[in-house]
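Grab the structure viewer and work through the exercises below. Each one sets a task and then walks through a solution.

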Amino acid sequence: MNTTETQEQTKEQQVKAERETELLKQLHQAAQMGRDTLEHVNNNIGPGELRNAVEKDIFDYSDVCAQVTRKLEENDKQPKPVGKIPRIMASMMINAKINDETPDSEVAKMIIDGTTKGVTECTAKLSEYADVDNDIKNIGYKLLWVQQKNIDEMRRFLHN
């Protein structure tokens, strides 16, 4: 193999590593946003089955965040936190629309709507980064699974 071929391979590996890091950072932001939003919802609702379901989903999102963080740290990288503006906007919306008096069905609908947007974005990212390592894609698929499970869990509250 000549020097030019070796340099091209090294550059391809570097580009792939950068893409993998970028996808991991985006997956972390998505999981963090899901977790943080659900934690905020959890603080605005009273005790009951819905609260228990939300707490389980928070745990699942936290697990994805931890997996992504470990994978990034293997490469001496750090997750990129969700920006202040999206967090503030989500908090303001939750505070305006959810309180102890809000029916479980309305809370569940809001969670489903937000999570559906997350599923769409995550699916697009996994498609865009189809060339990355399978271990990294599998974390993305786990996030999709968590999101879909969240939607399925919330559906049972729509008829209350």
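**Exercise 1. Find which residues leucine 158 touches, not counting residues up to four places away in sequence.**

Solution. This is a predicted model, so every value here is computed.
- Step 1: Go to the segment after α5, where leucine 158 is found.
- Step 2: List the contacts: leucine 158 touches Ser105, Ala108, Lys109 and Ile112, once residues up to four places away in sequence are set aside.
- Step 3: Leucine 158 has 35% relative accessibility, so it counts as partly exposed.
- Step 4: Now try a residue farther along the chain. Leucine 158 and histidine 28 are 130 residues apart along the chain, and their C-alpha atoms are separated by 29 Å.

**Exercise 2. Decide whether isoleucine 112 counts as buried or exposed.**

Solution. Pick up one of the partners from the previous exercise.
- Step 1: Apply the cut-off, under 20% relative accessible area for buried. Isoleucine 112 comes in at 13% relative accessibility, so it counts as buried.
- Step 2: Look at what surrounds it. Leaving out residues up to four places away in sequence, isoleucine 112 touches Ile151, Met154, Arg155 and Leu158.
- Step 3: For contrast, pick proline 86. That residue is 26 residues from isoleucine 112 along the chain, with 18 Å between the two C-alpha atoms.

**Exercise 3. Work out how the axes of helix α2 and helix α5 run relative to each other.**

- Step 1: Get the geometry. The axes of α2 (residues 49-74) and α5 (residues 134-155) come within 10 Å and cross at roughly 175 degrees.
- Step 2: Compare with the cut-off, where angles over 145 degrees count as roughly antiparallel. α2 and α5 are therefore roughly antiparallel to each other.
- Step 3: See who makes the contact. On the α2 side the residues include Leu50, Val54, Tyr61, Val64 and Lys71, and on the α5 side they include Ile136, Ile139, Leu143, Val146 and Met154.
- Step 4: Sort the contact residues by type: 11 are nonpolar, three polar and eight charged.

**Exercise 4. Find which residues have the most contacts inside the largest nonpolar core.**

- Step 1: The largest nonpolar core holds 35 residues, and the ones with the most contacts inside it are Val54 and Met154.
- Step 2: Ask where the core comes from. The elements giving two or more residues to it are α1 (3-44), α2, α4 (104-128) and α5.
- Step 3: α2 is the biggest giver, with nine residues.
- Step 4: Zoom in on valine 54. Leaving aside neighbours within four places in sequence, it is in contact with Leu38, Asn42, Ile45, Ile111 and Met154.

**Exercise 5. Compare threonine 21 with glutamine 9 in helix α1.**

Solution. Take the two residues in turn.
- Step 1: Threonine 21 lies in helix α1. Its relative accessibility is 12%, so threonine 21 counts as buried.
- Step 2: Beyond its neighbours within four places in sequence, threonine 21 is in contact with Leu72 and Lys77.
- Step 3: Glutamine 9 is also placed in helix α1. Its relative accessible area is 40%, so glutamine 9 is partly exposed.
- Step 4: Glutamine 9 and glutamate 55 are 46 residues apart along the chain, and 46 Å separates their C-alpha atoms.

**Exercise 6. Find where aspartate 76 is located and what its phi is.**

Solution. Look at the backbone this time.
- Step 1: Aspartate 76 is in the loop between α2 and α3 (84-97).
- Step 2: Its phi is positive, at about 55 degrees, although aspartate 76 is not a glycine.
- Step 3: With a relative accessible area of 72%, aspartate 76 is exposed.

**Exercise 7. Find how many helices and strands the protein has.**

Solution. Zoom out for this one.
- Step 1: Count the elements: five helices and zero strands.
- Step 2: Get the dimensions. The C-alpha trace spans about 70 × 30 × 20 Å along its principal axes.
- Step 3: Buried residues make up 36% of the 160 residues.
- Step 4: Of the contacts with a separation of 6 or more, 82% come from residues 24 or more positions apart.

Terms used. Residues numbered from 1 in each chain as written. Predicted model: local features only at pLDDT ≥ 70, side-chain atom pairs only at ≥ 80, totals over all residues. Heavy atoms only, no water. Axes fitted to C-alpha atoms, helices over the stretch in contact; angles between N-to-C directions. Helix = DSSP H or I, 4+ residues; strand = E, 2+ residues; numbered from the N terminus. Parallel < 35°, antiparallel > 145°, perpendicular 65-115°, else oblique. Contact = heavy atoms within 4.5 Å. Nonpolar A, V, L, I, M, F, W, Y, C, P; charged D, E, K, R; others polar. Buried < 20%, exposed > 50% of the residue type's maximum accessible area, 1.4 Å probe, protein only. Core = buried A, V, L, I, M, F, W, Y, C linked by side-chain atoms within 4.5 Å.
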